[in-house]
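Hello,

I am passing on the structure we talked about, together with some notes on what I found when I went through it. Please keep it open beside this email while you read.

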Amino acid sequence: MAEKKVVLSGMRPTGPLHLGHLVGALSNWIALQEEYSCFFMVADWHALMSEYERHQSLSEYIVDNVVDWLACGIDPDKAVVFLQSDVQEHLDLYMLFSILTPLGWLERCPTYKEQLQNLSTRQLQTHAFIGYPVLQAADILIYEAELVPVGEDQLPHLELAREIVRRANYYFGLDLPEPQPLLTKIPRLPGLDGRKMSKSYGNFISLGEPADEVTKKVSRMITDPARIRKTDPGHPEVCSVFTYHRVFSEGDVAEIERDCRAGKIGCVECKRHLAGNINARLEPIRSRRQELLAKRDLVMDILRQGKERAGAVARRVWSKIRQKIWS
Ligand code: TRP
Ligand code: SF4
């Protein structure tokens, strides 16, 4: 059998995970772990880069995020689950890549420009922060990963990673692969208020949200503003509730769309239906989360094991690179 391709992805532990993470990333990871050699990383260095001014919750978020991954179905026997800062070689390769990365590439990166604007209250004009995509490239290539499941917002980082790889291969005679993105087909979930789902807007449902909170939050979602009475014909295409139905109410979408357009279903009822389906999806996750939160040692063990497994691969790749350059 041909060797399995290597997949690497990561998340920054900056807060609780929410429905966006579940449908945008985790469901995809869970499918990938069956087929590929997967490395799933808690990107704590990347979190610190933007959160160093209030880093006190870092370790709590690290454990919390791993708990959420496991509760959703990431299986540490199939995938390597590890903490970025546990594997030193990320930083070795990061340094090597830094040597090769022209500042102009980083200054031009759209995510960098955007973040500086959005997070303007924080001091992010730092050496590390402008190098964010360089560390990301090192995260990927220290495992010689070929495939990287990410959201669309991360495509510029992968483009940069490939350019850095080309330079590394050219100058140092390496043969690192040029990593390719794996995009999900699932539409991006909007926030509960129709804006981008974001921690700073507080417009999300987290994976540990109690059932009655879910119901409350859904009931406050903005719907088609043209509907005042139940009999007014609706426009599901402008309604976030409907976008959520597409993801959480698979079998019933056609019927909901028809009834909404015909003014046969009221928004209150439609939302109750959605809340029920979200809760049905979250219920098993919620109970596994509770179990895992009570077994912190188990989570720490999984990270220890991940450190060993990831470290073994990273050391092998790094020593190959060292030999080319230092011998
Ligand atoms: N930048 C990614 C994000 O914010 C997280 C990340 C860090 C990552 N290193 C990575 C993703 C390597 C994929 C591969 O979502
Ligand atoms: Fe949105 Fe449902 Fe109301 Fe239609 S019936 S506008 S889909 S909440």
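Which side chain of opposite charge is nearest to aspartate 44, and how many Å away is it? In this model, which is predicted, the nearest such side chain is that of lysine 307, and it is 11 Å away.

Leaving aside residues up to four places away in sequence, aspartate 44 touches Pro13, Leu58, Ile62, Leu83, Gln84 and Ser85.

The other part to look at is ligand 1, which has 14 residues around it, and of these Met41, Tyr132, Gln136, Asp139 and Gln154 come nearest. Tyrosine 132 has a polar side-chain atom 2.7 Å from a nitrogen atom of ligand 1, and aspartate 139 likewise places a polar side-chain atom 2.7 Å from a nitrogen atom of the ligand. For glutamine 154, an N or O atom of the side chain is 3.0 Å from a nitrogen atom of ligand 1. Ligand 1 taken alone exposes 370 Å², and the protein buries 88% of that.

Turning to the elements that form this shell, strand S1 (6–11) and helix H8 (132–141) each supply at least two residues, and H8 gives the most, with four residues.

Best wishes

Conventions:
Residues are numbered from 1 along each chain as its sequence is written. Chains are lettered from A and ligands numbered from 1 in the order in which they are written. This is a predicted model: local features need pLDDT of at least 70, side-chain atom pairs count only at pLDDT 80 or more; totals for chains, interfaces and linings use all residues. Side-chain values use heavy atoms; hydrogens and water are left out. Buried means under 20% relative accessible area, exposed over 50%, partly exposed in between (1.4 Å probe, protein chains only). Lys and Arg count as positive and Asp and Glu as negative; His and the chain ends are not counted. A salt bridge is a side-chain nitrogen of Lys or Arg within 4 Å of a carboxyl oxygen of Asp or Glu. Contact means heavy atoms within 4.5 Å. A residue is near a molecule or strand if one of its heavy atoms lies within 4 Å of it. A polar contact is a pair of N or O atoms within 3.5 Å; within protein, one must be able to donate a hydrogen and the other to accept it, and residues adjacent in sequence count only if both atoms are side-chain atoms. Accessible areas come from the Shrake-Rupley method with a 1.4 Å probe; for residues, only the protein chains shown count as cover.
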